[in-house]
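Please examine the sequence and the structure shown below. A report on selected parts of the model follows.

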Amino acid sequence: MAAEDSHKKMKKRKHTKKNIEQNSVKENSQLPESEVDFYKRNKDKKNKKKYSEEKGDTKTVGMSNIKDESDAPGGGKKKSKKLRAEKKKNDKIARAEVNDVGTPCNDEGQDEFSDKKETSNEAGECKMQKSMKKKRKNAKTLDVSEVDKLDNEGEDAAEQKNDEEKVGATHTEHEDLMASFRGLSEAETSRSANARNSKKARKIKKKDRLLVNQSSQENSVEKKGEAEEYEVYEMSSGDEDSSKGMKKWITEYHQSRPGLKVLQERIDDFIAAHEAQEEQARREREAKAAEGGWTVVVHHKGRKKTSDAESGTVVGSVAQAAVLDKMAKRKNKDAGPDFYRFQRREAHRNEIMMLQSKFEQDKKRIQQMRAERKFRPY
Amino acid sequence: MGSEATYTDSTNLKLRELLKEAQHDYSPESTKIINDFVCSIKKAIDQIPEDLQVTADLGPGFVRDIGADKVEFKFKKPKSIEIGGSYSFQCVAKPDVHVDLFLRLPKECFYEKDYLNYRYHAKRFLYLCIIKKYLKLSSLIQEVRWSTFHNEARKPFLVVYPAARLSGNAAFFVKIIPTSTSLFCASKLILERNNVRSLNQEGVLQATPKYNSSILEDMFLEDNFEFVKRTFMGWKELGEALILLKVWARQRSSIYAHDCLSGFLISIIMAYLASKSGKNRINKPMNVIQILRITLDFIANSKIWDHGLYFQPDGESNISNKDRRKQFQSFPVIICDSFGFNLAFRMSLSGFQELRDEASLALSCIDKCKDGGFDEMFMTKIDFPAKYDYCIRLNLKGSREVYSCGFCLDEECWRKYEQKVLSIIDQALRGRTKLVRVIWRNATFECNIEDGLSTLDGEALLIGISINSMEEAFKQAVMGPSPEEKDKALEFRKFWGDKATLRWFRDGKIAEVAVWEHEESERHIIIKEIIEHVLSHHLSLPKENIISIVDQLDFSLRHGNKDPISFSVNLLKAFDNLSKHLRLLDDIPLRISSVQPLDSAFRLTSVFPPPPHPLAYEDSVGVKPQKLTSTCIQPLEVMIQLEGSGNWPMDDLAMEKTKSAFLMKIGESLQEKWGISCTATEDDVDVFLSGYAFRLKILHERGLSLVQKQGNAHVKRVLSSDKKLFVRGQHSSMINGLRGRYPIYGPVVRLAKRWVSAHLFSNSLTEEAIELLVAYLFLKPLPFRPPSSRITGFLRFLRLLSEYDWSFSALIVDINGDLTPEDDKEINHNFMSNQREYKDNMQNISPAMFVATVYDKASEAWTSVSPTAAELRRLATYAASSAKFLTSVIMQNLNDSYRWECLFRTPLNNYNAVILLHRDKLPFPHRLLFPSEINQGRKILHGNPSKIFQPFLLPGDLRGSLEEMKNKLMVNFDPLRYFIHDIEREFPEKFKVWYDSLGGDAIGLTFGNKSSKKRGRNNNCEDKDVVDSLRAVGELGKGFVRNIYLLKAPKNKLRHGYLRSVSDRD
């Protein structure tokens, strides 16, 4: 019951929360660039000094991040664990914020609940922020490891491993988001059911996380091995590059809809140009005819024109009907297909030929079917 | 004349081939093997010592359960052991090659009165026990098992499997069937007598006709067999017809059952028709087809069944009418031998009705189908799931209720239970059904009869229900009597239990009713609920033991917990609204003369008809957007025609431009007049009205005639936009008509479409082609009747897809029955020339599926580009595997929801590479059936999701003005489609793309022919090349692609791969 209450409260709080988030999104507007930087640097791993620079750049992003970084140097060796820990820290921070805004939650279950809610709410907008945090984290830990004098290769692998785990993390976030979509759509029918659902979901998520934590060690070992074999190509979201992918499609979509006015003008232009072209062609023809006093007979492709070249009278629709009518009449006058004896004979022979070929085909088919054991009724 | 000759000839050819497969090979070698084996059995039996004391201890369970008293006897050798059965007159049909051995029980072992109280049955069993014991000692015998005579557990017999095999490694077995010729006096066993003393009602003994017949059967078995043998010996045609009829019957599990037909009964009926008593309807000069036809016709239509079939040896009627009436009191069907014993005493009324129905269907197959209905009659398996609209399984294992009154009285308890279930369902569904069939094949091969009869309930009881008309079947209320008729009302209440209520109707009537209320789209569940209710009410069965196959696949069509088809009402209203507005427009140069729907949502065959979108209303209507408002909206295409005019340009391009100009004008004036907003690109105009986006298209008839002229000049397969529109319009209206005739058509199509796209075949089979394939099931249903339930229809669709012989026959879908024989000829001509073209040019990836309709006799409209032969093969393999799986899930106890899901979960290991997409970047993420993950192969690429596209409006957007929100709305924006388009443009030869247009998150890639050939030579370099191009593919879908995996699945293992992946989940 208490959980349900807090759930409702959370919903109210969402709006206030959102404002904060929007602010942070604005702050993050420079993020895509830095992300690209990061991406490039991933490829060019030897330039490690820049990491610290970037760290400096991004320090301004959010308040909570500073806290993170102050905590960060603590565990330099077990990166995977640290990532998890960090995530939890984020949650804690989020929770702390919530507690500031609303009434404090005593029960641990409630805490869990609220922070889950938070993540799913944030997921859409805060994802960026989070992934950035993690990246900075990577940079940080790398620095630390440099201090620890790990050799370069091992570090590369480790970094990659981190990347992969980050991938995993974002995955779970996606799934959270999707789950919340589903949950919400169901909630349209019953709210209480939703509360129960999300409770369940929470439990499952909790389990998942535990599992991930347990397996992360094993995975990291495995992945190290894999990573040495071949590399996974990392691709950016492409939001800054409109030549390919999602950005391109959206841009094209919007470009193709400039509004009725513009489109109408384009069509008018086209039709005008088209008519001018036709007019030009007609003039040329006339000029040619006039030159030598001859009418140049040109093979006329396509259908008869709608208007007569000389008189300009419109004959189009009438001519169409007339021609069809004529054709129909002419057809009647033709001798029937069985008028002459040879026609009849031919038709008869054709028919027999057809039947013969069909029979042959049947036989062939039966042979084929026999080969495929198609006649076995069991 | 000519045509008829070839027609029968090709049928004859096929029948010959079939007979070759089905006939047993009576070569000297195999005859010798069989004879030797029979001799060894005889020898083994001969070695049993005489005067062995036999007591109930050999099989105490059986003797106890059957309720026999004195059973001791001294063993004597059997009187005779003779080869009988169809083997002896060369009519045994494969694969069931067996030899019947009639073992005549010696009179010394029985007392005169042993026909009483199951003593005969018990002694018969104990006698066989002794034989079994001694046969097991023989080294030539691999195994001896029990089986039951026509599923009658009280009459078991022995099945002996030899160690040896016939030539060609064919298996055979010997049945040892005891007979009791002249053991008892037949007059003691007439129908009215009671011979089971425990069967009485308040001290009055009741007649035991079934029990008596069961003994009589053994007494006359040999004589009747002799008669059949005499008829069939040396009459080749008759024997062949018998084999064909056996094949026909065995394909139909609903009639080849204990309470209907058996091989022996078929031969008896044929012998009757060939005898003097049957007026020699079959006579010597007839050929096989004629005999077949006459027999089926006799079964289906003869009036003699009403009076009973009587063999009269001397040709005179020696059976009085009184006797006949008595017989009919006990048995619904009578085939009386010359001794006055009813050979058809096991046949039930429902079984017989089913038999007549199947026979008349077979006759119409012969008349109406090509090749004399060969495929339909002999090659198509007609099992419960495909035949009946609703299948229900009752798991009765361990249910004591079944034998609470003892196992065997006059009848066996299982047969009694069958009848009880049948009568309950008959009463509950009165008026709703055409036929209900209840079969419980409880006594199977595996049973161990010595331990008693209580273990004979392992198999599930099957109920098959055929429906008459949807309207009747899906009625929500069962009307009862008025409460004033007290007796009837009480009875009604007793039958329906707590479901019965009193209702006051509008016309002032008050009556008892039982009501099941459901929405329009959920009405099919009513039958399931009725059945579950009455069965659990009357048989006190727990609900989990009643498995009714009705709605198990509905999950694939739902959004959340609602079937979106219920939005169709709104949609049709909105369409009416649109066409009204369009016709009223008067400020455009040419008025609109007709408005016609094109999209499948209008004909209720769309898997996901769109719900009304809150941002797609007119300006005047304010609808507040809710949470989870979709960013994308599916446009629905609508075709309009304008008044005729001579001023249209002649040029193709100019004409299209003019059309666009018209459309924009229409959009503009809609906006001005009624505030109906619209959005346009250079080619399309989308109008927002009543929550829907309608995409307008203009059909210009003159454009049509232009194309027809071009069409003659060898530009065959490219249809102009006008022709396409025209064809789509025709298709749409025809399918809509069909849907009106068959209400279940829509749901079946939706399941079929969902299946096709769930297995990533969206690119291979167009929506319209699927609609036509399903239409074919309804229009040419033989050997079935048109399906009346979605699962049955879906199963038949899968079987059609997997079994149809596309390379040799065109599929002609004649929706309104207006194809003339000339049309047929034309279609066949087109098909043949198409095939020839295909053969001439093997590299040409020509269409493999020829689907002809009235509006498209050359199959150009829907299947001219795809599927190719390779795609079709893949489709057929998947369909076969899915059909098999669906059948087993219906018939067997592996029913949990996960198993049903397997039908739509596609294996991802059959592709060379797989692209996984970001699920939350799909335009309609809630349509995703199963999130795909891959844990094999090599991960090539990982991409981050784009942030600029969200499938749902963000909460922030919702607070903006309506205008802003409307700008956010994207019509027909589908990243998947764009992505596929980009891949196909960039790598036209390299990759073949498989995808799910209905919202899957996986795309399969297979290598085109060229690259795979190269791959053989230098693997390494090629590998790198592949990886590079896969990365390039990933780049094309930046922000959308999640992962790319390289799997390198070998092509030739496709079939097994799929099967394995399905069975893996078993």
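How many residues of chain B are in contact with residues of chain A? In this predicted model, 96 residues of chain B are in contact with 69 residues of chain A, where contact means heavy atoms within 4.5 Å. This is a predicted model in which local features need pLDDT of at least 70 and side-chain atom pairs count only at pLDDT 80 or more, while totals for chains, interfaces and linings use all residues; side-chain values use heavy atoms, with hydrogens and water left out. Residues are numbered from 1 along each chain as its sequence is written, and chains are lettered from A and ligands numbered from 1 in the order in which they are written.

**The interface**

Between them, chain B and chain A bury about 8,000 Å², 62% of it on carbon and sulfur atoms. Buried area is the accessible area (1.4 Å probe) that two parts lose on being put together, summed over both. The two chains are also joined by 4 salt bridges, a salt bridge being a side-chain nitrogen of Lys or Arg within 4 Å of a carboxyl oxygen of Asp or Glu. One of the residues that form a salt bridge is B:D982, whose partner is A:K248, with the closest N and O atoms 3.0 Å apart.

**A sheet of four strands**

Helices (H or I, at least four residues) and strands (E, at least two) are DSSP runs, numbered from the N terminus. Two strands pair if DSSP finds at least two bridges between them. In chain B, 4 strands form an open sheet in the order β13-β14-β12-β18, with antiparallel pairing. Strands β13 and β18 (546-549) of chain B each have a single partner strand, so one side of each is left without a neighbour in the sheet. From one strand to the next, the twist averages 15°. Helix α14 (residues 413-428) of chain B packs on this sheet and touches β12, β13 and β14 of chain B.

| Strands of chain B | Bridges | Sense |
|---|---|---|
| β12 and β14 | 5 bridges | antiparallel |
| β13 and β14 | 6 bridges | antiparallel |
| β12 and β18 | 4 bridges | antiparallel |

Residue B:I392 has B:I463 as its bridge partner in β14(B) and B:S548 as its bridge partner in β18(B). Strand β14 (residues 461-467) of chain B is mostly covered, with 7 of its 7 residues buried; buried means under 20% relative accessible area, exposed over 50%, and partly exposed in between (1.4 Å probe, protein chains only). From β14(B), B:L461, B:I463, B:I465 and B:I467 point one way, and B:L462, B:G464 and B:S466 point the other way.

Another part of chain B holds an open sheet of 5 strands in the order β19-β21-β24-β23-β22, with mixed pairing. Its edge strands are β19 (592-597) and β22 (678-680) of chain B, each pairing on one side only. Strand β19(B) is joined by 5 bridges to β21 (residues 635-642) of chain B, and the two run antiparallel.

Helix α21(B) lies across β19, β21 and β24 (692-699) of chain B. Among the buried residues of α21(B) are B:L725, B:V727 and B:L738.

Definitions and conventions:
Axes are lines fitted to C-alpha atoms, for helices over the stretch in contact, and angles run from 0 to 180 degrees between N-to-C directions.
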